[in-house]
Protein chains: 4
Amino acid sequence: IRNLTSKNSVADDMRVLLNVGGVRHETHVATLRNVPNSRLSRLADMHINSGRGKQEYFFDRHPSVFNSIIDFYRTGELHVPLEVCGAVVKRELDFWQIEELDIKACCWRHYRQYIENQRILGSFNHSLQREQMTVDLVGLRGWKLWQTKLWLILDHPRTSRAALAYGIVSFLFVVASIAGFCLETIPELRPKVSYNISSASCNGETKTIQVVMASNTALNVLDFICTVFFTLELVLRFVVSPEKLRFVRNPMNIIDLLALVPLYVQVIFEQSELQACYINERFVIEIMFILRIFRMFRIFHLVKHYQALKVLVYALMASLQELLMLFIFLLIGMLIFSTMIYYAERNDSARPDSEFNTIPIGFWWAIITMTTVGYGDVTPSTPVGYIVGSACSICGVLLLALTIPVISNNFTLFYEHVRSRSTSPRKKEEVEEE
Amino acid sequence: IRNLTSKNSVADDMRVLLNVGGVRHETHVATLRNVPNSRLSRLADMHINSGRGKQEYFFDRHPSVFNSIIDFYRTGELHVPLEVCGAVVKRELDFWQIEELDIKACCWRHYRQYIENQRILGSFNHSLQREQMTVDLVGLRGWKLWQTKLWLILDHPRTSRAALAYGIVSFLFVVASIAGFCLETIPELRPKVSYNISSASCNGETKTIQVVMASNTALNVLDFICTVFFTLELVLRFVVSPEKLRFVRNPMNIIDLLALVPLYVQVIFEQSELQACYINERFVIEIMFILRIFRMFRIFHLVKHYQALKVLVYALMASLQELLMLFIFLLIGMLIFSTMIYYAERNDSARPDSEFNTIPIGFWWAIITMTTVGYGDVTPSTPVGYIVGSACSICGVLLLALTIPVISNNFTLFYEHVRSRSTSPRKKEEVEEE
Amino acid sequence: IRNLTSKNSVADDMRVLLNVGGVRHETHVATLRNVPNSRLSRLADMHINSGRGKQEYFFDRHPSVFNSIIDFYRTGELHVPLEVCGAVVKRELDFWQIEELDIKACCWRHYRQYIENQRILGSFNHSLQREQMTVDLVGLRGWKLWQTKLWLILDHPRTSRAALAYGIVSFLFVVASIAGFCLETIPELRPKVSYNISSASCNGETKTIQVVMASNTALNVLDFICTVFFTLELVLRFVVSPEKLRFVRNPMNIIDLLALVPLYVQVIFEQSELQACYINERFVIEIMFILRIFRMFRIFHLVKHYQALKVLVYALMASLQELLMLFIFLLIGMLIFSTMIYYAERNDSARPDSEFNTIPIGFWWAIITMTTVGYGDVTPSTPVGYIVGSACSICGVLLLALTIPVISNNFTLFYEHVRSRSTSPRKKEEVEEE
Amino acid sequence: IRNLTSKNSVADDMRVLLNVGGVRHETHVATLRNVPNSRLSRLADMHINSGRGKQEYFFDRHPSVFNSIIDFYRTGELHVPLEVCGAVVKRELDFWQIEELDIKACCWRHYRQYIENQRILGSFNHSLQREQMTVDLVGLRGWKLWQTKLWLILDHPRTSRAALAYGIVSFLFVVASIAGFCLETIPELRPKVSYNISSASCNGETKTIQVVMASNTALNVLDFICTVFFTLELVLRFVVSPEKLRFVRNPMNIIDLLALVPLYVQVIFEQSELQACYINERFVIEIMFILRIFRMFRIFHLVKHYQALKVLVYALMASLQELLMLFIFLLIGMLIFSTMIYYAERNDSARPDSEFNTIPIGFWWAIITMTTVGYGDVTPSTPVGYIVGSACSICGVLLLALTIPVISNNFTLFYEHVRSRSTSPRKKEEVEEE
Ligand SMILES: [K+]
Ligand SMILES: [K+]
């Protein structure tokens, strides 16, 4: 009857009983010798040498994973159990001295997935914790105490009610500043009569500055109040900051500083009107225009208040490799399709008004087509151009569809991690720690 | 031979046998002392104090989860079993007095997922049940009985055949009203000759009302019939409603009332034509135009008939936090890109016809680009503008791709829950209850 | 020491041993009485009545599911094991006389998913098999034999090499017919001089027919050959069809017939030119134009050859409820947003050229925006219109994102099922059967 | 009491104990006879014939899968365990002599998924390994050694630091060449005065070549340097290639060669100006224009350096069937909707300026609508056209949503496989091998 079993060549007394965490696995000694240089193969050798009969060996290890281990000895194929986390499997493989690369391709994804998630969530938690710090107010006195208290209020909106109130006020100023900045550009809100500064009439371009900047009185007042507030805040935050170097390196503070520059430059211009003639005005206007953009980046102060934004930033940083991949794929698609559309739409000796008269305009068209935005400001108009355009739109859909699941993975992982952790008790401690 | 096992420092007689729900787990007593302040560590202390040898302890608990628990004692890492629902794990952790925060990050998602689903489905079921009520017709007599019967017919289309028939008739009236409302705006269906009310000729604007409202005879008749029906229905439903306060608070009833207002205002206008001159006509027209929109919201009466719409509403309510996140991300993207496109397209002293002459027009462009709609009514036309536009479209694709899986999760969960529950036997009871 | 266990109120001799498929579960008798009217509660009653001590009961059932069953007795919460298919759980629940509605919401999805898949794949397999039939050529003689053989060749391209060859030829004719049909509409391929039939000059409209239909000679010849082929094929297929009623009911055959009509009508027109004056020509042209479209539907002959198309058709049919949901959601969105855009863009007494001068044009705009196509042929131009437009585009993205995962589920399921089954050995038999 | 069990008709002594890998399964002998022609049914026959009582049979097999096997004997339904990889299930089914087609539809997907992944990852790994080769530099001397060393440097950028440096230099040349090629087409970078070759004045068309090709001096120099470099590189790589046939067959080398042709043709043209008159110039220009496109394909040299691009190429190749499906679905949609829009927009005897005056223009419109790009260069303008357009956009969204998850599967699988393998130790060996 034993003939039915597959390994009947081994004598009955050569069976061993392996008790792994209370679960008994029976197997033939010969089976254990199938994987050389592992813990069990050495046990088998010892067992044979000792010459004893059927005997039980006890291992205080995870019993589920051992099913896969013993299966590897029996069949030579290492599949991992799907009911156990990959990290547990890794630990057990290390104990049983089996290489993780022996795992078959079909189970590899399940095995690595948990380990990857642990690694990426570990670095995410590490990043979050690096921002946190424990402050001990007990040991401080005098200026140090006040400095630390003020610093907590100014920079850490979740530490106290006062800090939260200040944080909201500060953020409302940011919103007001941005709103003013946007409204400024609407012609209806600007006074129609642009005042001419007669003394600055070295050339006609000075007016341009005046027209753009000379805005509605209400907006001017708002601008002034915001400027004063942000200047005071930045100075105060620098003064109370316990680590000046870290403060200076923080990109948010640099943005805050740069956002203040154009306002002071404007004041200088208005005060010393004759200086305006000496420096290259066109260049100054360019720089000031660019610096004015930095005012908009103050919106990133929201990161301090809004957890999800922090998650987005870390998720994008963790997916940097995948984002790079998306950009490279789009770049290649852009190069190929812009060249093809240029040649498809080119032979317009008859009609010299082809919209694709250069390859770089094809870059724009290809990107806008591949992201399926499709403005239609430049569109092909020849049969070959139609084919290239169709190929471009289908390729774009495919490229996005293929790469985006890989990118969105990390965000979903981080977001769900943060959300589920925030509903668990430790959250409260974290807030206190912060 | 025992030397092969990892924990051989402990004497053999210090092994304990833990029988958890019939499955025997063998381990060393020392292992059980690894996690302090837990049920098993106290058992270990007692066992040592009692001085007895190898002994079996019986626990009437889930055997699968105990694999992970004992593994935590052995290795210090708490991974959850993937073959068991997270809620079971939570219960067992509570019994064994182990903190859920000891669970490693890799298993956390699996662990919380089921608990989250249970929580969110629980509140969804709770919302659905709050709408249901059991009505006992047996104890009622006279007016009360009639009131309740009529109320069931008018407000609960699934309680009886009469109610269903009435519900369909009522919904057809809604459809007819909306169809008439839409057709009214088509110039071909309006009589070309607009009749002038000579007595209301205080100023020329009165004609505007007439032209818009004086519509085709057939549409006028339809409008009149619908108005009469909806008025009667609203009055009747108010009269028979057992809870007047709840009726008044119901947003659907407020919409129904507001949708009736413009029709009665029109009648008043036509009756007392001279009054039209006294009040500010332009303002009245504005209000009436807005009130006419409410007629369209009658489409939400469909919620009473169509389960999936209810699922959508609850799913959006449950995903409020995620929707807010999407809006904040789009808002930030909108602010950044509108500013950038404004400055990229700005230096048009030569060509003053730039499409992006204000930042708010950039808001529109950025939103339409980021949702990949891309109308093309405003498009960049400078090289820097092309780069900003490309960045905007790619960011839009990424933002949507990252946040939407998080949002769609709840809808899929609710929809599948409702669909699978509706095919199970309890469904019938629910309908009867309703 | 037993005091540590949770159920120590029960005397030791009241413990029972349940041997389920070889796995021993130990529990207290009191535990088994927690769920009334179940198989185990009745066993517990009998055990107490018998007055025997600790005893083993054997059940020849699935041991994994019993973990959950006994856990339900212990804790009152029914969670299903995730390592077992829901259909197995259902069967075991039936055996142990436990209601499936006792399953907690968190595990419900896992439990139903497999049962749903089995149900939907079952009906899909059923549909596929209904098309198949076993034909026994042995018993046939004479005409019957020839008829069946021809019928197999004409209608079932996978039954023999001749049938496949004929199928390919037939499909090439379809492709040629469609190609000709498309090329016909290109002005360059039509002869510029349109011939006038002098005898049919009852009114000027007769020329319109001629211009449209009088096409290139090569295309005319192709059209003639295809017409002859399709006529012969249809007649032959009808003659050899063993079930005439089923043949007549088949929508593909009706399309084939209707696609032939316009060609014969044209011949009749050309032959009896004077008749053209008697019937309402404009109406005839309309009908014939519509009938010509049916030629395009011949592309669905591809279903016979291409498995994936069949999968698509069945998946859409199985997802009918979800498709309806998508349409209703789009319809509601369309109604709401078209009304809002109409009122947002309306107060154009100054500029009477608003693009949204009727609500139905808003329907078109809303659909094209919600599907993120965004042609830009009609776009809002007022600030309120911009807000409505932005809301519409975001709602569209959300609606599609929420409903599409629910729809695409069935297609993926069917596609993977068909693909994985086609690589397994049974496939061969199926082909033979067909 | 045994009466409670379902199989009580069988005498107690007919129970058998199956010890599968240490786990004991008890069952009735009758149960084992339910599946004929299997290993266990034959065991049951033998057991009955032997006439022995309750006895234990030992099988050295996977215990988890046996749960499902014995469940199949008990109930006639074969469900697979979800905690074990499908490949293990397949192996065990083979051992127990049970057909895999007996697996129920609900479990089929889980079962095949791992086997499919193993198959597809196996062929992917096979493709990657075919590119690798082990080179033994020890046995080589003289020219052979130099040839092999140079070949490694030129063709395998990861074999040494010199090879990597050369690879980067080579790729920078590619980038420079492409950049020059793109900038060449910008009118501002071309010298406005186009030089006329007086001797080649056979007809006016010769100028066309000159205008296009006569570019900026800096670009001309860049072009010259790149041409020299690529020519030398191609010659050198051919000379040192150990397998000339494989070199010639490599599509990248053919692209490199074709990209060089137009530059040499230009030189020939300029040298032998009179020859230009003899050959058909228009045709030559066409060919040269097309050949110039090949320069852009040099971007695919990036495949050598960028792993993700290789993954994309293999994923698309592995998803060829699914891509074909997407194309066929889009093709069918294109044919149907272009015909419908042609007829919907056709009856413009009044307005002969319909944008859809041919069906092929409808092809373009349908593709651009179905991919949701929606340029808006051709849009419907009749009510029926609006309906067709809406249907087309919704169908497009559905088609993409249904087919894309099936396509993106392979890319995600390959990408995650490559990424997780690259972080494991074997990676290092692979690089060395290469
Ligand atoms: K679009
Ligand atoms: K568009």
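## Confidence

pLDDT is the predictor's confidence in each residue, on a scale from 0 to 100. This is a predicted model, where local features need pLDDT of at least 70 and side-chain atom pairs count only at pLDDT 80 or more, while totals for chains, interfaces and linings use all residues; side-chain values use heavy atoms, with hydrogens and water left out. Residues are numbered from 1 along each chain as its sequence is written, and chains are lettered from A and ligands numbered from 1 in the order in which they are written.

For the complex, the predictor gives an ipTM of 0.86 and a pTM of 0.86. Chain A averages a pLDDT of 78, with 80% of the residues at 70 or above. Helices (H or I, at least four residues) are DSSP runs, numbered from the N terminus. Residues 1-12 of chain A have pLDDT below 50, and beyond near neighbours in sequence this stretch has 24 contacts in the model (a contact means heavy atoms within 4.5 Å). Over residues 425-434 of chain A the pLDDT is under 50 too, with 17 contacts beyond four places in sequence. Where pLDDT is low, the predicted coordinates should not be read in detail.

## A nonpolar patch on chain A

Trp143(A), Trp146(A), Val235(A), Phe238(A), Val239(A) and Val248(A) make a nonpolar surface patch of about 630 Å². Helix 6 (142-155) and helix 9 (217-240) of chain A each give two or more residues to the patch, and the largest share, three residues, comes from helix 9. Patches are built from residues with over 30% relative accessible area and no salt bridge, joining like charges within 9 Å and nonpolar side chains (Val, Leu, Ile, Met, Phe, Trp, Tyr) within 5 Å. The areas come from the Shrake-Rupley method with a 1.4 Å probe, and for residues only the protein chains shown count as cover.

Trp146(A) sits in helix 6 of chain A and counts as exposed because its relative accessibility is 59%. The cut-offs are under 20% relative accessible area for buried, over 50% for exposed and partly exposed in between (1.4 Å probe, protein chains only).

## Helix 6 of chain D

In chain D, helix 6 (residues 142-155) has 14 residues and reaches 20 Å from its first C-alpha to its last, close to the 20 Å expected at 1.5 Å a residue (1.5 Å times one less than the number of residues). Its buried residues are Gln147(D), Thr148(D), Trp151(D), Leu152(D), Leu154(D) and Asp155(D). Their cover includes helix 7 (161-183), helix 9 (217-240), helix 10 (244-249) and helix 13 (302-305) of chain D.

## Salt bridges

Over all chains, a search of the whole structure turns up 64 salt bridges, each a side-chain nitrogen of Lys or Arg within 4 Å of a carboxyl oxygen of Asp or Glu. One of them joins Glu116(B) and Arg112(B) at 3.4 Å, N to O. Both residues are buried, and they lie four residues apart in helix 5 (residues 105-131) of chain B, about one turn of the helix.

Glu416(B) pairs with Arg109(C) at 3.1 Å between the closest N and O atoms. This bridge crosses between chains, from helix 18 (residues 383-422) of chain B to helix 5 (residues 105-131) of chain C. Arg109(C) is partly exposed, at 31% relative accessibility. A network of salt bridges links Asp71(A), Arg74(A), Glu77(A), Lys104(A), Asp60(D), Arg61(D), Arg91(D) and Glu92(D).
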